[in-house]
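Below are my comments on the model, as numbered points. Please read them with the structure open.

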Amino acid sequence: MILPTKHIKLSNSLLSVGAVLLNQIDNNHTVTALWNTVNIFPEVKTFERFTLGLDLLFMIDAIEFHDGLLRRITK
């Protein structure tokens, strides 16, 4: 479910959810503001997929959560 396979399309994988989320985090966002921005994308679809996408990005050190705001990590 994280990566696309023969049976899971790219649009249904968490990798595409993470890409949509990372693309939308241009400034510091609250979780609610980011959800309100991305819930219209078909890759995200549900709040569960949204939170799993955030978890994935956090685990690979692509985002951080500080003082109630999400922001991208640039290295």
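1. Helices α1 and α2 pack with their axes 10 Å apart, at an angle of about 115°. That angle makes α1 roughly perpendicular to α2, a label for 65 to 115 degrees, where under 35 degrees counts as roughly parallel, over 145 as roughly antiparallel and the rest as oblique. Axes here are lines fitted to C-alpha atoms, for helices over the stretch in contact, and angles run from 0 to 180 degrees between N-to-C directions. The crossing of α1 and α2 is right-handed; a crossing is given that name if the near helix is turned clockwise from the far one by less than a right angle, and left-handed if anticlockwise. On the α1 side the meeting residues are V20, L21 and Q24, and on the α2 side L34, T37 and V38. Contact means heavy atoms within 4.5 Å.

2. On provenance: this is a predicted model, in which local features need pLDDT of at least 70 and side-chain atom pairs count only at pLDDT 80 or more, while totals for chains, interfaces and linings use all residues. Residues are numbered from 1 along each chain as its sequence is written, and side-chain values use heavy atoms, with hydrogens and water left out. Helices (H or I, at least four residues) and strands (E, at least two) are DSSP runs, numbered from the N terminus.

3. Which residues of α2 are buried? They are L34, W35 and V38, where buried means under 20% relative accessible area, exposed over 50% and partly exposed in between (1.4 Å probe, protein chains only). These residues cover an arc of only 100° around the axis, which puts them on the same side of α2; the arc is that of the directions from the helix axis to the C-beta atoms. The buried residues of α2 pack against α1, α3 and β2.

4. The axes of α2 and α3 come within 11 Å and cross at roughly 120°. The two helices are therefore oblique to each other, and their crossing is right-handed. In this pair, V31, L34, W35 and V38 of α2 meet F47, F50 and L54 of α3.

5. For α1 and α3, the axes come within 8 Å and the crossing angle is roughly 80°. These helices are therefore roughly perpendicular to each other. From α1, the contact involves L14, L15, V17, G18, L21 and L22; from α3, it involves R49, F50, L52, G53, L54, L56 and L57.

6. Helix α3 (residues 47-59) passes a simple length check: at 1.5 Å a residue its 13 residues should span 18 Å, and the end C-alpha atoms are 18 Å apart, which agrees. The expected span is 1.5 Å times one less than the number of residues. Buried in α3 are R49, F50, G53, L54, L56 and L57. Seen down the axis, the buried residues of α3 fall within an arc of 160°, so they line one face of the helix. E48, F58 and M59, on the other side of α3, are exposed. The cover over the buried residues of α3 includes α1 (14-24), α2 (31-38), β1 (63-66) and β2 (69-72).

7. Some backbone angles deserve a look. Most residues other than glycine have a negative phi. K45, in the loop between α2 and α3, is not a glycine and yet has a positive phi of about 60°. D61, which follows α3, also has a positive phi, near 60°. D67 is likewise not a glycine and has a positive phi of about 55°; D67 lies in the loop between β1 and β2 and, at 69% relative accessibility, counts as exposed.

8. G68 is also found in the loop between β1 and β2. At 34% relative accessibility, G68 counts as partly exposed. Which residues does G68 contact, leaving aside its neighbours within four places in sequence? They are H29 and T30.

9. L10 sits in the segment before α1 and is exposed, with a relative accessible area of 51%. Leaving aside neighbours within four places in sequence, L10 is in contact with P4 and S16. L10 and E43 are 33 residues apart in sequence, and their C-alpha atoms are 9.0 Å apart in space.
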